[in-house]
Amino acid sequence: MDSDQTLRRDVALANRIIERFGLATAFGHASARIPGTNTFYISTRRSPGLADENDLLVIDTDGKILSGRGTPNSEFWIHARIYAARPEVNGVVHAHPLACISLTQIGEPHRVVHNQGGVFVGGVPEYGRIGLIRSRELGDGVAHSLGKGVAVMMRGHGITTAFADVRAATVAACFLEESAALNIRMLSAAGGNGSRIREFTREEAELARDQTGPGVAAAGRALEYYAAAAEVKPLGG
Ligand SMILES: [Zn+2]
């Protein structure tokens with residue numbers, strides 16, 4: 001399999017994973033930069049669970065559609081402007097996972113509370129404006145909020161992750177939702193008192209990141225699991 005075909009497969013699989021694992025239903029999308037270019041592969045405007053490696057669009061960082069059939073997702077600007085701002089980012093995932101949205105809407109920050117949360121040791125900034133990201137300017141706003149980070153929470157909307165490849169961005173998105181769900185559960189158990197949560201120290205979080213983060217060996221194992229489960233899980237399951 002050549003590298004372009006592998007990349008297309010990775011993009012389609014990433015889309016299916018975020019749907020099968022509950023990070024998105026009808027809405028959400030994953031993309032990958034075509035190496036060494038200002039263009040990226042992204043799924044067409046349908047549920048990510050229906051993504052097809054042979055039915056991807058190529059869009060550039062100015063939002064120009066260069067090839068492919070069909071309509072782009074209206075929020076493709078998130079991907080376009082992050083790739084423009086971050087040359088080292090080659091994979092972006094945007095989804096609407098419920099625990100992350102819940103965390104934004106109770107005004108609580110994301111806390112590192114378990115090993116898979118370690119990758120977010122630098123904090124997860126918030127993009128506070130609600131509404132869809134349907135323009136270059138709004139895409140620039142999300143990229144600005146993301147900064148040099150790996151993820152951004154979008155208030156009342158969802159999340160975006162940005163990594164060196166789409167596989168890591170996908171695993172990170174799954175880890176962030178898992179972590180946010182734990183944050184919510186712990187806040188509930190603590191009567192809403194965040195100070196009772198035994199948040200990881202910076203050193204603990206860095207250790208967890210180095211041992212389990214999307215960029216290390218465990219991520220390959222994580223992706224293998226997510227991919228295998230996505231292949232057998234029914235749509236919506
Ligand atoms: Zn969205």
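This briefing walks through a zinc site, a pocket, a cavity and a few helices and loops. The model is predicted, so local features need pLDDT of at least 70, side-chain atom pairs count only at pLDDT 80 or more, and totals for chains, interfaces and linings use all residues. Residues are numbered from 1 along each chain as its sequence is written, and side-chain values use heavy atoms, with hydrogens and water left out.

**Zinc site**

- Four residues hold the zinc ion: Glu75 through OE, and His94, His96 and His157 each through NE2, at 2.0 to 2.1 Å. Donors here are N, O and S atoms within 2.8 Å of the metal (3.2 Å for Na, K and Ca), and water is not among the atoms, so sites may look incomplete.
- The site is tetrahedral, with angles of 93 to 129° among the four donor atoms; four donors get that label if all angles lie between 85 and 135 degrees. For reference, the ideal angle for four tetrahedral donors is 109.5 degrees.
- Along the sequence, the donor residues follow the spacing E-x18-H-x1-H-x60-H. Helices (H or I, at least four residues) and strands (E, at least two) are DSSP runs, numbered from the N terminus.
- Buried means under 20% relative accessible area, exposed over 50%, and partly exposed in between (1.4 Å probe, protein chains only).

**Pocket and cavity**

- The largest pocket holds about 190 Å³ of space, and its lining includes the zinc donors Glu75 and His96, along with Phe27, Arg45, Arg46 and Arg134, among others. On a 1 Å grid over the protein atoms alone, a pocket is an open set of points with protein on both sides within 12 Å along at least five of seven lines, a cavity is a set where a 1.4 Å probe fits but cannot get out, and lining residues have an atom within 4 Å of a point.
- That pocket lining has three nonpolar, five polar and four charged residues. Ala, Val, Leu, Ile, Met, Phe, Trp, Tyr, Cys and Pro count as nonpolar, Asp, Glu, Lys and Arg as charged, and the others, Gly among them, as polar.
- The largest cavity has a volume of about 40 Å³, a volume being the space filled by probe spheres set on grid points joined across faces, edges and corners.
- Helices α1 (3-20) and α5 (166-189) each supply at least two residues of the cavity lining, and α1 gives the most, with four.

**Helices**

- In α4 (residues 136-146), Leu138, Gly139, Val142, Ala143 and Leu146 are buried. Those residues fall within an arc of 145° down the helix axis, so they line one face; the arc is that of the directions from the axis to the C-beta atoms. Glu137 and His144, on the other side of α4, are exposed.
- Helix α2 is mostly covered, with eight of its ten residues buried, including Trp77, His79 and Arg81.

**Loop and tail**

- Gly192, in the loop between α5 and α6 (202-212), is partly exposed at 46%.
- Pro234 lies in the segment after α7 (217-232) and is exposed at 53%. Its C-alpha is 9.4 Å from that of Gly49, although Pro234 and Gly49 are 185 residues apart in sequence.

Note on methods
Tetrahedral: all angles 85-135°; square planar, octahedral: opposite > 155°, others 65-115°.
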